[in-house]
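Notebook open, model loaded. I want to jot down what I looked up, entry by entry.

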Amino acid sequence: MSKRPPLPPFTKETAIQKIRLAEDAWNSGDPEKVSLAYTIDSTWQNRVAFPKGRREIKSFLTEKWSREHQYRLIKELWAFTDNRISVRFAYEWQGNDGAWFRSFGNENWEFDANGLMQTRFASINDLPIAESARKFLWPQGARPIGHPGLSDLGL
């Protein structure tokens with residue numbers, strides 16, 4: 001089985017590193033790349049969807065990003081323990097109709113010994129925003145080093 005460092009048990013520094021790796025992967029918009037961070041039998045709760053396993057996760061993300069365009073995400077450490085990390089996050093996206101949204105919430109993650117996420121619980125809210133209210137304005141892809149995080153942006 002492949003390993004995905006950093007591995008548990010987490011320190012504050014390795015938890016922050018794990019979070020940034022996840023953020024960068026999600027900002028790639030590549031369902032295959034993102035799905036490889038999860039165990040083969042990973043279980044999710046994402047709003048009202050409950051994908052199980054990499055195949056369903058990849059399918060879920062493919063469908064998600066077919067309707068959430070210009071996706072840009074920031075994640076921030078909330079808490080951690082040996083093999084668990086809790087994050088708060090916000091992302092901005094544009095719907096198929098051109099409307100803009102900022103989605104925000106919390107995720108609780110549990111990792112196996114190889115650093116693969118085996119459980120993910122996400123609670124997410126969507127807020128319609130005017131295009132002029134956007135705060136995540138970097139080119140699509142990974143958030144640039146030095147770009148403000150959620151707390152710095154007052155989110």
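Before anything on strand pairs, I note the rule: two strands pair if DSSP finds at least two bridges between them. Helices (H or I, at least four residues) and strands (E, at least two) are DSSP runs, numbered from the N terminus.

Ground rules. I am working on a predicted model, where local features need pLDDT of at least 70 and side-chain atom pairs count only at pLDDT 80 or more, while totals for chains, interfaces and linings use all residues. Residues are numbered from 1 along each chain as its sequence is written, and side-chain values use heavy atoms, with hydrogens and water left out.

Entry: the β2 and β3 pair. I looked up how these two strands run and found them antiparallel, joined by nine bridges. They make a hairpin, with three residues between the strands. Within the pair, I find Leu77 opposite Val87 of β3. A reminder to myself: side chains in a regular strand alternate between the two faces of the sheet.

Entry: the cores. I use "nonpolar core" for a set of buried Ala, Val, Leu, Ile, Met, Phe, Trp, Tyr and Cys residues joined through side-chain atoms within 4.5 Å. Buried is under 20% relative accessible area, exposed is over 50%, and partly exposed is in between (1.4 Å probe, protein chains only). Which residues have the most contacts inside the largest core? They are Trp26, Leu61, Ile85 and Trp109, in a core of 26 residues. I then checked which elements supply at least two residues each to this core: α1 (12-28), β1 (38-46), α3 (53-67), β2 (69-80), β3 (84-94), β4 (100-111) and β5 (117-129). There is also a second, separate core of six residues, and Ile74, Phe136, Leu150 and Leu153 are among them.

Leaving out residues up to four places away in sequence, Trp26 touches Val34, Tyr38, Trp44, Leu61, Lys64, Trp65, Tyr71, Leu73 and Arg120.

Entry: Arg102. This arginine sits in strand β4. Is Arg102 buried or exposed? I have it as buried, because its relative accessible area is 9%. For polar contacts I count pairs of N or O atoms within 3.5 Å; within protein, one must be able to donate a hydrogen and the other to accept it, and residues adjacent in sequence count only if both atoms are side-chain atoms. The Arg102 side chain has such a contact with the side chain of Glu92, at 2.8 Å. It also reaches the backbone oxygen of Ala133, at 2.8 Å. Beyond four places in sequence, the residues that Arg102 touches include Tyr91, Asn125, Asp126, Lys135 and Leu155.

Entry: Ser66. I placed Ser66 in helix α3, and it counts as partly exposed because its relative accessible area is 41%. Its C-alpha is 8.5 Å from that of Asn96, 30 residues apart along the chain.

Entry: Where are the cis peptide bonds I looked up? One runs from Pro5 to Pro6, with omega near 0°, and another from Pro8 to Pro9, with omega near 5°.

Arg47 has about 55° and lies in the loop between β1 and α3; it is partly exposed, at 27%. Gln70 has about 55° too, but is found in strand β2, and it is partly exposed, at 30%.

Terms used:
Contact = heavy atoms within 4.5 Å.
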